[in-house]
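The sequence and structure are shown first.

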Amino acid sequence: MKGNVVKYARDNIDTDVIIPGQYLKVHDYAELATHAMEGLDPDFHSKIKEGDFILSGKNFGCGSSREHAPIALSHSGVKAILALSFARIFYRNSVDGAFLLPIEIDQDAYDGISEGDEINIDISTNEIKNLTKNQTYKMKPFSEIIGKIIAAGGLFKYKPDQD
Amino acid sequence: MGKTLFEKIWESHIVVEKQNEPALIYIDRHLVHEVTSPQAFDGLRMNDREVRRPDLTIATMDHNVPTSDRSLPILDQTSAVQIKTLENNCKDFGIKLFDINSPNQGIVHVIGPQLGITLPGTTIVCGDSHTSTHGAFGALALGIGTSEVEHVLASQTLWLEKPKTFEVRVEGKRKNPHAVTAKDIILSIIKNIGTAGGTGTVIEYRGEGITDLSMEQRMTICNMSIEGGARAGLIAPDQKTFDYLRNREYTPQNYDSLVDNWKVNLQTDSDATFDKTFVLDINDIAPQVSWGTNPGMTCDVNESIPSPDEFSNGDANQKKGAEKALEYMALESGTLIEDIEIDRVFIGSCTNARLEDLIEASKVIQGQKVASNVSAMVVPGSQMVKKQAEEMGLHKIFIDANFEWREAGCSMCLGMNPDILSPGERCASTSNRNFEGRQGNGGRTHLVSPVMAAAAAINGHFVDVRKLDLN
């Protein structure tokens with residue numbers, strides 16, 4: 001997965017700024033996406049291109065259980081979020097519906113990757129390559145269940161291993 | 001080795017669990033509301049699936065229902081569609097619905113306990129992060145997303161990674177329990193552990209400071225577990241729990257034998273260990289007021305707003321977060337909390353809109369008027385809370401003081417219905433989240449207890465309710 005990074009160098013980006021409550025009545029995902037990150041960054045849609053990534057700090061996606069949050073980001077073109085940590089429900093929502101990949105990074109990656117950098121994420125080797133700066137970082141591997149749900153393509157396609 | 005309460009509930013609900021694999025967990029109760037369910041029902045239809053246990057599934061409408069006159073049609077067409085969709089889905093799939101005209105309608109986390117649907121030792125899920133509220137009864141209650149809602153509708157189970165255990169021990173006694181409330185205890189906990197302090201854990205709240213609380217106060221504590229990042233919050237059931245749930249509309253027939261069983265099986269063993277522990281001494285805690293844009297940005301009512309340096313302890317992102325929060329909130333470091341003037345007051349939400357909350361708030365305002373520059377509203381957590389409050393005459397106290405007295409719903413907690421702040425308005429709110437734009441685009445939220453909100457309404461600014469006679 002190759003794309004460019006839009007960086008929000010802050011912690012606690014919550015689901016209310018990802019997609020405000022007033023839009024939870026919107027069922028058309030394309031329309032929902034037009035309101036993604038509306039409160040936080042009015043220029044979000046001019047920065048994000050299909051296949052890009054968001055980089056942020058700790059506790060990304062805290063707050064509401066609204067699956068609209070990963071849906072709105074996904075339909076804006078975001079393929080993965082790289083963050084120092086994630087709130088649990090957002091994390092699970094992201095992979096359950098196969099909307100985007102939540103990737104936990106370490107401080108080196110967080111500090112090393114800048115806005116606009118082109119990176120390549122390889123979840124088979126758990127490596128993130130910064131093509132702009134020619135650096136490589138480790139990502140935290142997915143746990144077994146999350147890896148299997150991602151490999152299956154979502155919660156409803158996941159089947160447990162047979163004995 | 002002994003087991004924690006969480007481990008006991010978890011183990012008794014495992015359908016499948018293998019070494020190094022997630023567990024398939026059985027769900028005893030599934031609560032459904034209009035916002036996070038439509039796509040789940042669509043998914044069932046697309047795949048030709050039924051609801052596996054409609055008898056264990058209960059729905060209500062709370063997030064975007066109007067709280068004004070219910071005899072009028074709903075003006076917001078997208079809300080009307082979402083409400084109608086839930087009605088149709090419940091009809092099609094045979095699910096019990098407490099609709100907008102039901103005397104049992106209300107915020108899903110208020111009606112579950114008051115109807116006796118929430119029971120100790122059970123697993124409860126809902127497509128809402130504040131499902132943690134039900135943990136006050138010793139239930140393992142998890143907020144889930146819409147894909148998981150569909151999974152539970154279809155199978156009555158969930159694939160879950162086993163959370164870690166987190167003991168939060170609350171010790172001591174509050175000197176003035178009418179002024180320093182459960183809300184102040186949980187805000188103090190979050191201020192200390194941080195908004196991600198509980199990530200990946202189930203918190204069990206223990207100690208004298210917790211067992212002293214009423215059931216409604218315990219719900220306020222467990223409700224905000226998610227604000228500390230936890231998957232769920234738990235309090236072991238005791239006699240208060242058993243008494244609260246007796247003789248409710250859905251209390252099971254064999255209640256006494258269930259209680260006997262709960263008394264034996266729903267306690268953390270004395271030799272059990274937790275993955276981590278935090279201890280809060282509440283002997284000297286003060287009423288809390290949030291000054292920033294997450295629930296960890298809180299200080300004592302008699303303090304002044306900290307500087308970003310003081311708040312961040314050297315963490316660059318925390319400092320930046322505090323700077324941005326102060327800018328959004330239009331506040332400056334060093335300002336005394338009591339000098340902050342407010343425009344709006346909201347007493348409501350699944351955190352603080354139960355009967356006790358309204359009783360306590362009414363004591364503050366009895367015989368007084370809301371400050372002339374403030375508009376204030378009370379939104380009871382359920383139609384049943386509203387009815388009980390009216391039977392006690394509380395509505396008269398609020399209305400005489402110039403509060404609006406509304407119908408039940410989530411209302412201004414999350415700004416999905418017409419109850420929202422205008423840009424720049426500052427609100428003393430008994431809700432759970434002070435995120436940017438949460439109560440309306442550009443709105444500024446200060447999280448407080450019901451008594452603190454009521455006192456702010458009367459005075460037009462925050463006041464230390466410990467100075468008031470609240471007995």
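## Lining of the largest cavity

The model described here is predicted. In its largest cavity, the lining is made up of 7 nonpolar, 11 polar and 4 charged residues. These 22 lining residues include B:His63, B:Asp128, B:His130, B:Leu414 and B:Arg438, which lie nearest the centre of the cavity. The volume of this largest cavity is about 190 Å³. In total, 5 cavities of 30 Å³ or more are found.

## The second largest cavity

The second largest cavity holds about 130 Å³ of space. Its lining draws on two chains: A:Arg10, A:Asp11, A:Asn12, A:Asp14 and A:Val17 come from chain A, and B:Thr293, B:Asn294, B:Met297, B:Asn317, B:Gln318, B:Gly321 and B:Glu436 from chain B. Helix α12 of chain B, residues 316–329, gives the most to this lining, with 3 residues. By class, the lining residues of the second largest cavity divide into 2 nonpolar, 6 polar and 4 charged.

Two of the lining residues, A:Arg10 and B:Glu436, are also partners in a salt bridge, in which the closest N and O atoms are 3.6 Å apart.

## The interface of chain A and chain B

Contact between the chains involves 43 residues of chain A and 46 residues of chain B. Together the two chains bury about 3,900 Å², and 50% of this area is on carbon and sulfur atoms. Of the area that chain A buries against chain B, 19% is supplied by A:Lys25, A:Arg88 and A:Phe156, more than by any other three residues.

Across this interface there are 6 salt bridges, and 21 residue pairs are in polar contact, with both residues at pLDDT 80 or more. On the side of chain A that touches chain B, helices α1 (15–18), α5 (88–96) and α7 (144–152) each supply at least two residues. Helix α5 of chain A gives the most to that side, with 5 residues. The residues of this side of chain A comprise 14 nonpolar, 14 polar and 15 charged.

## The largest pocket

The largest pocket contains about 930 Å³ of space. It is lined by 39 residues, and those closest to its centre are A:Arg88, A:Ser143, B:Glu161, B:Lys162 and B:Gly200. A:Arg88 is also one of the three residues named above for their share of the area that chain A buries against chain B.

Several elements of both chains contribute at least two residues each to the lining of the largest pocket: α5, β4 (101–104) and α7 of chain A, and α1 (5–11), β7 (140–143) and β9 (164–171) of chain B. The lining of the largest pocket has 18 nonpolar, 8 polar and 13 charged residues.

## The second largest pocket

A volume of about 430 Å³ is found for the second largest pocket. Among its 22 lining residues, A:Gly97, A:Phe99, A:Phe156, B:Ser147 and B:Glu150 lie nearest the centre. A:Phe156 likewise belongs to the three residues that supply 19% of the area buried by chain A against chain B.

Helix α4 (68–74) of chain A and helices α2 (38–46) and α5 (146–155) of chain B each supply at least two residues of the lining of the second largest pocket. The largest share, 5 residues, comes from α2 of chain B. This lining has 7 nonpolar, 9 polar and 6 charged residues.

Methods:
Residues numbered from 1 in each chain as written. Chains lettered and ligands numbered in written order. Predicted model: local features only at pLDDT ≥ 70, side-chain atom pairs only at ≥ 80, totals over all residues. Heavy atoms only, no water. 1 Å grid on protein atoms, 1.4 Å probe; cavity = no way out; pocket = protein on both sides within 12 Å on 5 of 7 lines; lining within 4 Å. Points joined across faces, edges and corners; volume = space filled by probe spheres on them. Nonpolar A, V, L, I, M, F, W, Y, C, P; charged D, E, K, R; others polar. Helix = DSSP H or I, 4+ residues; strand = E, 2+ residues; numbered from the N terminus. Contact = heavy atoms within 4.5 Å. Buried area = accessible area lost by both parts, 1.4 Å probe. Salt bridge = Lys/Arg side-chain N within 4 Å of Asp/Glu carboxyl O. Polar contact = N/O pair within 3.5 Å; in protein donor to acceptor, adjacent residues only side chain to side chain.
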